[in-house]
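Please work through the exercises below with the sequence and the model side by side, trying each task before reading its solution.

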Amino acid sequence: MASTTEPGTGMSNMLKFMKLVGQLKRVPRTGWVYRNVKQPESVSDHMYRMAMMSLTITDPTVNKDRCIKLALVHDMAECIVGDIAPSDNITKAEKHRREEASSPYIAFENNGEAMRHLSGLLPEGLKQEIYGLWEEYETQSSPEARLVKQFDLLEMILQAHEYEEIEGTPGRLQEFFDSTNGDVF
């Protein structure tokens with residue numbers, strides 16, 4: 001009986017995966033776009049600094065490598081569904097639903113479907129790892145996921161501070177600081 005998998009399918013799917021993930025370099029962070037920030041950071045920029053924050057963890061009780069991985073996958077679905085900002089008035093449940101489909105040719109209704117599609121392009125072990133990491137972050141089911149969520153907020157307010165400094169407009173982006181409600185560390 002012939003194999004149903006064509007030679008090179010794995011490499012073809014990996015290329016599709018990398019091209020989709022590469023889109024994150026071109027997805028601007030929506031909150032900055034809405035506030036007319038010149039040259040706003042991309043989702044990829046945001047994820048990179050979060051990964052660097054994770055790399056600097058010195059607490060021996062925290063799994064640093066897991067934090068780096070969580071930071072790298074937490075917004076991955078945005079290469080398909082885009083960056084959804086709180087001001088878009090989409091519930092957390094709906095955002096999760098949009099981020100979780102099996103075809104790149106349909107409009108994904110949620111991030112979970114998008115993550116299923118993205119991770120489905122990978123070999124089984126990687127598929128399970130990446131989807132599992134994303135789900136761990138979404139559900140905040142580990143100390144590492146909760147710490148990376150703190151890094152997510154910290155990175156946002158650090159970026160807001162940098163934009164205010166660059167523009168010479170202290171306080172212009174205060175709403176980003178206020179949105180954390182003191183939840184950062």
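Helices (H or I, at least four residues) and strands (E, at least two) are DSSP runs that are numbered from the N terminus. The model is a predicted one, in which local features need pLDDT of at least 70 and side-chain atom pairs count only at pLDDT 80 or more, while totals for chains, interfaces and linings use all residues. Residues are numbered from 1 along each chain as its sequence is written, and side-chain values use heavy atoms, with hydrogens and water left out.

**Exercise 1. The chain as a whole**

Task: Find how many helices and strands the protein chain has, and what share of its residues is buried.

Solution: Begin with the elements, of which there are 10 helices and 0 strands; read from the N terminus, their order is α-α-α-α-α-α-α-α-α-α. Next comes burial, where buried means under 20% relative accessible area, exposed means over 50%, and partly exposed lies in between (1.4 Å probe, protein chains only). Of the 185 residues in the protein chain, 41% are buried. Last comes the surface, for which accessible areas are taken from the Shrake-Rupley method with a 1.4 Å probe, and for residues only the protein chains shown count as cover. The protein chain exposes about 10500 Å², and carbon and sulfur atoms supply 56% of that area.

**Exercise 2. A covered helix**

Task: Decide which residues of H7 are buried.

Solution: Locate helix H7 at residues 111-120, a helix that is mostly covered, with 7 of its 10 residues buried. Going along H7, the buried residues are Asn-111, Gly-112, Ala-114, Met-115, His-117, Leu-118 and Ser-119.

**Exercise 3. Helix H3 and its surroundings**

Task: Describe where Ala-51 and Leu-55 lie, and work out how H3 packs against H9.

Solution: Start with Ala-51, which lies in helix H3 and counts as buried because its relative accessibility is 9%. Its C-alpha is 9.7 Å from that of Lys-64, although Ala-51 and Lys-64 are 13 residues apart in sequence.

Together with Tyr-48 and Met-52, Leu-55 forms a nonpolar surface patch of about 300 Å² of accessible area. Patches are made of residues with over 30% relative accessible area and no salt bridge, where like charges are joined within 9 Å and nonpolar side chains (Val, Leu, Ile, Met, Phe, Trp, Tyr) within 5 Å.

For the packing, axes are lines fitted to C-alpha atoms, for helices over the stretch in contact, and angles run from 0 to 180 degrees between N-to-C directions. H3 and helix H9 (residues 143-167) have axes 9 Å apart and pack at an angle of about 120°. Angles under 35 degrees count as roughly parallel, over 145 as roughly antiparallel, 65 to 115 as roughly perpendicular and the rest as oblique, and H3 and H9 are therefore oblique to each other.

**Exercise 4. Positive phi values**

Task: Say where Asn-36 and Gln-140 lie.

Solution: Asn-36, with a phi near 55°, a positive value in a residue other than glycine, is found in the loop between H2 and H3. Asn-36 is exposed because its relative accessible area is 64%. Gln-140, which is not a glycine, has a positive phi of about 55° and lies in the loop between helix H8 (124-139) and H9. Gln-140 counts as partly exposed because its relative accessibility is 22%.

Note on methods. Salt bridge = Lys/Arg side-chain N within 4 Å of Asp/Glu carboxyl O.
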